[in-house]
Amino acid sequence: MSKSPIVEEVLSYYEEDNILFCMPGHKKGFGFTRDSLGEKLFNCFIQSDITEVEPLDNYHNPQGIIKEAENLLTKFYGSYKSKFLVNGSTSGNLAMIFSAFEENDKVIVERNCHRSVLNAIILRKLNPIYIENSFIESLGTPLSINEEDFFHVLNNNPDAKGIILTYPNYYGVCCDLKKIIKICHERNMVVLVDSAHGAHFGIHEDIPQSAVKLGADVVVTSAHKTLPALTQGSYIHINNKMLEDKCSFYISAFTTTSPSYLIMCSLDYSRYYLEAYGNEDYGMLLGLCREYREKISEIPKFSILERKHISGKAYDIDETRFVITLDNGYSGHKLLEYLRTNKIQGEMSDDRSVVLLFSTFTRREEFESLYQVIKACDMLELQDEDSIKHISMPKGQQVICPYEAIELKGEYIDYKKCENKVALKAIVPYPPGVPLVAIGERITKAIIEVIEKALKNKQQILGVTDNKVYVADLHRFPQP
């Protein structure tokens with residue numbers, strides 16, 4: 001029996017010395033070695049774990065160094081007001097949604113949103129109207145919102161108070177946010193953006209524009225995903241002056257009263273790093289990504305998402321990550337496992353793809369190791385004749401509002417027997433944390449097949465316990 005299981009397992013993982021193509025962006029602390037300021041912080045991290053004592057500042061009422069640091073953050077990102085988040089982007093998503101909407105408001109939501117967005121919708125008692133997402137059929141890769149469905153939903157819901165978008169998604173794909181913001185603002189709709197994967201956006205001309213600069217009302221970004229910030233370190237950017245006071249209240253309400261100065265230090269350093277070195281370093285990273293994207297794409301049965309795959313579509317991509325996709329008949333989950341056995345830690349996998357997250361602290365030799373490991377791969381080990389093209393989200397299956405469904409009593413039944421039942425708990429493959437079934441939606445045969453496939457691949461699925469899901473009685477909600 002372990003003396004301290006978490007400590008022992010984390011130390012064991014540390015000793016494996018894997019190449020990390022996953023979060024966080026500081027890449028085992030290497031991100032703090034760019035200059036003497038970062039090195040000094042790195043060398044005294046544990047000693048810097050201190051509370052809000054004099055002469056330090058108060059997170060919930062900043063008047064000193066936190067206020068000064070947030071003013072620098074605001075100036076750099078070009079927002080009306082930016083603030084640190086020490087409880088992750090989840091707290092930011094909750095705060096911005098509670099600030100922008102009132103109970104029973106109708107809101108338009110991208111279907112492939114993070115579970116924290118759906119949780120906020122439930123807690124705020126909102127009525128969501130979902131926009132479907134598109135896919136690249138040849139690769140099985142999720143794109144952003146389907147523009148045709150966007151206009152259909154918009155025109156059929158003139159009373160919607162706002163829209164909640166993801167920019168970019170987990171695969172680095174971006175919608176035409178500038179166009180969407182313009183259309184929604186013309187209709188007096190609030191635009192909220194979960195830009196968790198876009199903290200580095202706008203720093204280089206070949207990286208998509210920042211949602212903040214494009215004029216979204218509130219934007220949340222996870223600094224820890226791509227920048228030299230500790231896990232849970234995020235930013236919230238407020239562009240709408242009318243929402244500032246509410247945002248400040250809800251940020252405080254959803255945040256611990258013992259905020260981590262370690263996280264705040266890393267957030268302050270991340271902004272400083274981007275300002276001092278971001279453009280130069282991201283230029284070098286893009287060069288490495290392009291070089292190895294081309295080399296890996298030349299290996300038979302492998303391809304990597306790039307701009308040519310979305311040519312003519314209203315989308316853009318973040319080139320600082322790889323979405324490596326296998327031909328049909330091969331498993332992305334098995335590829336992730338193969339990389340792991342070769343001391344390469346990827347971020348996530350789906351049926352045919354693996355997502356790898358890089359930062360400016362990813363080194364050439366790590367790209368080269370990835371290339372050599374993939375080149376040496378025995379494709380027979382990755383075969384999976386049952387692979388599906390992609391996981392498509394359910395359309396038009398909402399039966400009851402999520403905040404009403406959460407109050408109902410249901411029963412746990414085998415997922416294979418839950419067709420046409422109404423989910424009372426979200427079913428969420430993790431990662432990426434995008435609900436396959438939201439609370440209050442009807443479970444279809446296609447969804448059951450996806451659950452079965454994910455369980456077969458040993459993918460973690462929140463909402464499925466011992467092969468059972470929590471559902472409502474079918475007779476209470478007859479099919480339309």
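In the predicted model, Arg293 is buried, with a relative accessible area of 3%. The side chain of Arg293 meets that of Glu319 in a salt bridge, with a distance of 3.6 Å from N to O. Arg293 lies in helix H10, whereas Glu319 lies in the loop between strand E13 (315-317) and E14, so the pair ties together parts that are 26 residues apart in sequence. Glu319 also counts as buried, because its relative accessibility is 9%, under the 20% limit for that class. Both residues belong to a network of salt bridges that also links Asp206, Arg290, Arg307 and Asp316.

The structure holds 25 salt bridges. One of them joins Arg271 and Asp268, whose closest N and O atoms are 3.2 Å apart. These two residues lie in helix H10 (residues 261-297) and are separated by 3 residues, about one turn of the helix. Arg271 counts as buried at 9% relative accessibility, while Asp268, at 28%, counts as partly exposed. A further salt bridge is formed by Lys308 and Glu306, with the closest N and O atoms 3.9 Å apart. In this pair, Lys308 is exposed at 60% relative accessibility, and Glu306 is partly exposed at 22%.

The domain assignment divides the protein chain into domain 1 (39-273), domain 2 (283-382) and domain 3 (397-472). Between the C-alpha centres of domain 2 and domain 3 the distance is 30 Å. At their interface, 6 residues of domain 2 are in contact with 5 residues of domain 3. The area buried between these two domains is about 410 Å², and carbon and sulfur atoms give 60% of it. On the domain 2 side, His333, Met348 and Asp351 lose the most area to domain 3, together accounting for 79% of what that side buries.

The rule finds 1 salt bridge across the interface of domain 2 and domain 3. Asp351 and Lys453 meet through their side chains in a salt bridge of 4.0 Å, N to O. The side of domain 2 that touches domain 3 has 1 nonpolar, 3 polar and 2 charged residues.

His333 is also one of the buried residues of helix H11 (residues 332-341), together with Gly332, Leu335, Leu336, Tyr338 and Leu339. The elements covering these buried residues include strand E14 (321-326), strand E17 (353-357) and helix H12 (364-375). At the start of H11, a side-chain oxygen of Ser331 reaches to within 3.2 Å of the backbone nitrogen of His333. Just after the helix, Lys343 takes a positive phi of about 65 degrees.

Methods
Residues are numbered from 1 along each chain as its sequence is written. This is a predicted model: local features need pLDDT of at least 70, side-chain atom pairs count only at pLDDT 80 or more; totals for chains, interfaces and linings use all residues. Side-chain values use heavy atoms; hydrogens and water are left out. Domain bounds come from an automatic or database domain assignment. Contact means heavy atoms within 4.5 Å. Buried area is the accessible area (1.4 Å probe) that two parts lose on being put together, summed over both. Ala, Val, Leu, Ile, Met, Phe, Trp, Tyr, Cys and Pro count as nonpolar, Asp, Glu, Lys and Arg as charged, and the others, Gly among them, as polar. Buried means under 20% relative accessible area, exposed over 50%, partly exposed in between (1.4 Å probe, protein chains only). Helices (H or I, at least four residues) and strands (E, at least two) are DSSP runs, numbered from the N terminus. A polar contact is a pair of N or O atoms within 3.5 Å; within protein, one must be able to donate a hydrogen and the other to accept it, and residues adjacent in sequence count only if both atoms are side-chain atoms.
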